[in-house]
Amino acid sequence: MTVRPYDPSDLDDLVEVCIGTADNGSDATGLLDDDLLWAELYLLPYLERHPDLAFVVEDDGGRAHGYIVATDDTDAFEAWFRDEWWPPRRAAYAASRDQNQADLVASADSRAPGVWAHEGTHPAHLHIDLLPDAQGKGWGTTLISYLAVALGHRGVPGVHAVASAENVGAAAFYPKAGFEELTAPQGSRAFGLDLQRDPAST
């Protein structure tokens, strides 16, 4: 396997990875009336707005087994998500009576700039997902290194990631990748990486 920048031809593979890891790192297929909602919230808007901040782990055949996506400005991204990305898509998902889907729609409805107290010191945020066959082999830290370089070139001082409090994989991974735990609302955990100290950003 190797890491490279995202290419639009990766889109279908990345959607599969997103859904296949959306349940706190486990396969979320069938948990919603429409599985694509996971990607509409946590993958596709990042590829739309910041395709140059997306990197992929691919196998020898070119198939993606993992990715990292990000924004360099969380407040600007969340304002765009609220005002432009989500409104034309919401109706397709909001009619469902499935409680899991309703909860995700409510979460999307609540997204807005200024929600996270640490956006001043860690204005970028990321999502990283790896299929089981790519986990535990260093590809996650490699993806973060690629992103850190890209964000560092833009002068971004820090990046954060947010996970459910039940996501034990994320809780173990981020500290090993050099992140420090940040304050977060109940039910969530947040982790931040200072890019001004991180050698990968220089």
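These legends accompany several close-up views of a predicted model.

In this predicted model, local features need pLDDT of at least 70 and side-chain atom pairs count only at pLDDT 80 or more, while totals for chains, interfaces and linings use all residues. Residues are numbered from 1 along each chain as its sequence is written, and side-chain values use heavy atoms, with hydrogens and water left out.

**View 1. The open sheet has seven strands.** Let's start with the strand order, which is β1-β2-β3-β4-β5-β7-β6, with mixed pairing. Strands here are DSSP runs (E, at least two residues) and helices likewise (H or I, at least four), numbered from the N terminus; two strands pair if DSSP finds at least two bridges between them. At the edges sit β1 (2-5) and β6 (180-182), each pairing on one side only. From one strand to the next, the twist averages 30 degrees.

**View 2. Strand β2 pairs with β1 and with β3.** β1 and β2 run antiparallel and are joined by four bridges; Thr-2 has Glu-58 of β2 as its bridge partner. Glu-58 in turn has Ala-64 of β3 as a bridge partner. Strands β2 (residues 55-58) and β3 (residues 64-71) are also antiparallel, over four bridges, and Val-56 stands opposite Tyr-67 in β3. The two strands form a hairpin with five residues between them, where Gly-62 in the turn has a positive phi of about 90 degrees.

**View 3. The side chains of β2 point two ways.** In a regular strand, side chains alternate between the two faces of the sheet. Here Phe-55 and Val-57 point one way, Val-56 and Glu-58 the other, and all are buried (under 20% relative accessible area, with a 1.4 Å probe and protein chains only; exposed is over 50%, partly exposed in between).

View 4. The axes of α4 (residues 74-85) and α5 (residues 87-94) come within 6 Å and cross at roughly 70 degrees. Axes are lines fitted to C-alpha atoms, for helices over the stretch in contact, with angles from 0 to 180 degrees between N-to-C directions; roughly perpendicular covers 65 to 115 degrees. Contact, meaning heavy atoms within 4.5 Å, involves Phe-81, Arg-82, Asp-83, Glu-84 and Trp-85 of α4 and Pro-87, Pro-88 and Arg-89 of α5.

**View 5. Helix α7 spans residues 139-153.** Buried residues of α7 include Trp-139, Leu-143 and Leu-147. Just after α7, Gly-155 takes a positive phi of about 80 degrees.

Methods
The expected span of a helix is 1.5 Å times one less than its number of residues.
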